[in-house]
Amino acid sequence: LKQASVVAESLMGEIALRPVTGCDADGPAPPGSSICVIADAIGPESGESRYASSSPLDHPNDYHGFSMAGIRALDGSAIAGLENYGASVSVQAQALDGVPVDRGLWVTVTATGPNGTQIRLQAFQARYGP
């Protein structure tokens with residue numbers, strides 16, 4: 001149970017480091033414009049992967065639908081001793097405490113241990129950029 005908790009906390013921490021913005025980092029609004037070249041959306045944009053150094057998941061909502069059976073590092077390598085653990089992520093648009101639904105995300109990380117025990121962590125993130 002403790003190891004599944006550490007897996008969930010680690011993945012949630014990774015996701016929390018990503019900015020919540022209205023424009024995808026691969027296509028921000030041109031200078032002087034409020035229109036995105038690529039609007040950010042739930043789920044990864046084409047070609048993005050957690051394991052890709054050239055096109056990584058760059059927003060929390062890119063992790064929506066992500067799952068792994070056997071815990072892997074960001075470079076895709078298996079982490080010894082965690083082969084029987086798993087993790088999955090769900091991200092939804094969410095309003096909360098005056099933050100409108102188009103500016104808020106509800107992130108759920110679920111980690112599963114070898115005996116089927118699950119740990120679920122949830123966090124709210126609000127958009128602070130364009």
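Predicted model: local features only at pLDDT ≥ 70, side-chain atom pairs only at ≥ 80, totals over all residues.
View 1. Helix α1 itself covers residues 2-16.

**View 2. Four strands make an open sheet in the order β1-β2-β3-β4.** Their pairing is antiparallel. Strands β1 and β4 (118-126) stand at the edges and have a single partner strand each, so one side of each is left without a neighbour in the sheet. On average, and with direction ignored, neighbouring strands of this sheet are turned by 15 degrees against each other.

**View 3. Strands β2 and β3 are joined by eight bridges.** Zooming in on this pair, β2 spans residues 86-93 and β3 spans residues 104-112, and the two run antiparallel.

**View 4. Glu14 and Arg50 form a salt bridge.** The structure holds one salt bridge, and in this pair the closest N and O atoms are 2.8 Å apart. Glu14 sits in helix α1, while Arg50 belongs to the loop between α1 and β1 (67-69), so the pair ties together parts that are 36 residues apart in sequence. Are the two partners buried or exposed? Glu14 has a relative accessibility of 10% and counts as buried, because buried means under 20% relative accessible area. Arg50 is buried too, with a relative accessible area of 10%.

Key: Residues numbered from 1 in each chain as written. Heavy atoms only, no water. Salt bridge = Lys/Arg side-chain N within 4 Å of Asp/Glu carboxyl O. Buried < 20%, exposed > 50% of the residue type's maximum accessible area, 1.4 Å probe, protein only. Pairing = 2+ DSSP bridges. Axes fitted to C-alpha atoms, helices over the stretch in contact; angles between N-to-C directions.
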